[in-house]
Amino acid sequence: MEIGGEVLDDINSLGDVTILAPSNEAWNASNIENIIGNREKMRDIVNMHIIKGRVDVEKIKQSNENMIGQFPTIHSSTFLYFNVNGDDTNEVVTVEGGGVNATIIVPDIAQTNGFVHIIDRVLGVPYTTVLGKLETDPMLSDTYRMGQFSSFNDQLNNTQRRFTYFVPRDRAWQKTQYDYPSVYKKLFMKDFAYHSRCIMERHLLIADDIYTMKTLAEMTKKQNDSIILPTFRDSLKIKVEEEVESKYERIQ
């Protein structure tokens, strides 16, 4: 990797760090070939895998108790989101970064200045469709299940269309179950598939372009107010602001 020397200099200057290191198999995946020769893109991708400070799995689990564990990387405006599933005997830790979900396959490799976790994907380099993302991300399993029995998911494998999908994660559905138990129960019944589909259609944009959080933040700033986006059904009123810490806050 041509930028290897620069990256090592950056790491040495940071003090304690945590690195999410893709395995050799992950770097050899076909979806990586197009960016290997792009020096600027590769630098962004590598920086997305570096967290300033010492973050072991125990710290990830502690941050995951009440919400998804979230840690900023040294890449501007990019956070990594961790999720812990299973029990102590069969524990799986996943990390989301740049739209890609990876699994930690070798955790807590201790170094004198931090930790290294080996992961099975290169973050920030898409390798699947929107449907593939729903199928493989453990934080989105409820939305995937709802989309399957209502046939909503069928369209999401179409590579000729451009989707922006505001996907409710499992904890959002859990909150719905707590606040509106009877409504939640019906939404996950096949007899109410039409109603479930209508809800998901209000979360999906199909347009010539996709909307990143950066794009939405710029649109909000230009409008100086909430923006209206046309969804598959009706429209979505959304406001995205960038905080001082470079964390995006979404307000609907």
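The structure is a predicted model, in which local features require pLDDT of at least 70 and side-chain atom pairs count only at pLDDT 80 or more, whereas totals for chains, interfaces and linings use all residues. Residues are numbered from 1 along each chain as its sequence is written, and side-chain values use heavy atoms, with hydrogens and water left out.

The chain has eleven helices and twelve strands, these elements being DSSP runs numbered from the N terminus (H or I over at least four residues for helices, E over at least two for strands). Of its 252 residues, 40% count as buried, where buried denotes under 20% relative accessible area, exposed over 50%, and partly exposed the range in between (1.4 Å probe, protein chains only). With contact defined as heavy atoms within 4.5 Å, residues 24 or more positions apart account for 61% of the contacts in the chain that have a separation of 6 or more.

Seven strands form an open sheet of mixed pairing, in the order β2-β1-β7-β6-β5-β4-β3, two strands being taken as paired if DSSP finds at least two bridges between them. Strands of a sheet pair through backbone hydrogen bonds, in either the parallel or the antiparallel sense. The edges of this sheet are β2 (50–52) and β3 (69–72), each of which pairs on one side only, and the twist from one strand to the next averages 30°, based on axes that are lines fitted to C-alpha atoms (for helices over the stretch in contact), with angles running from 0 to 180 degrees between N-to-C directions.

Strand β7 (residues 114–119) is largely enclosed by the rest of the structure, because six of its six residues are buried. Gly114, Val116 and Ile118 point one way from β7, while Phe115, His117 and Ile119 point the other way, and all are buried. Strand β1 (residues 17–22) pairs with β7 in the parallel sense over six bridges, and proline 22 has isoleucine 119 of β7 as its bridge partner. Strands β6 and β7, by contrast, run antiparallel and are joined by five bridges; glutamine 111 is bridged to glycine 114 in β7, and a hairpin connects β6 to β7 through two residues.

Strand β6 (residues 100–111) also pairs with β5, in the antiparallel sense and over four bridges, with threonine 94 standing opposite threonine 103 in β6. Glutamate 96 is located in strand β5 (residues 92–97) and is buried, its relative accessible area being 14%. The side chains of glutamate 96 and lysine 133 are joined by a polar contact of 2.3 Å, a term that covers a pair of N or O atoms within 3.5 Å (within protein, one must be able to donate a hydrogen and the other to accept it, and residues adjacent in sequence count only if both atoms are side-chain atoms). When residues up to four places away in sequence are not counted, glutamate 96 touches Phe79, Leu80, Tyr81, Asn101, Lys133, Asp137 and Met139.

Aromatic pairs were assigned to rings of Phe, Tyr and Trp (its six-membered ring) with centres within 6.5 Å, planes under 30 degrees apart counting as stacked, over 60 as edge-to-face and the rest as tilted. By this rule the count comes to four aromatic pairs. Tryptophan 173 and phenylalanine 188 form an edge-to-face pair, at 5.5 Å centre to centre and with 85° between the planes. This pair links distant parts of the chain, since tryptophan 173 belongs to helix α8 (residues 170–179) and phenylalanine 188, 15 residues apart from it, to the loop between α9 (181–187) and α10 (193–201). Both residues count as buried, tryptophan 173 at 7% relative accessibility and phenylalanine 188 at 13%. The rings of tyrosine 184 and phenylalanine 188 have centres 4.7 Å apart and planes at 45°, so this pair is tilted; tyrosine 184 is likewise buried, at 13% relative accessibility. Trp173, Tyr184 and Phe188 form one aromatic cluster.

Aspartate 142, in helix α7 (residues 141–149), is buried with a relative accessible area of 12%.
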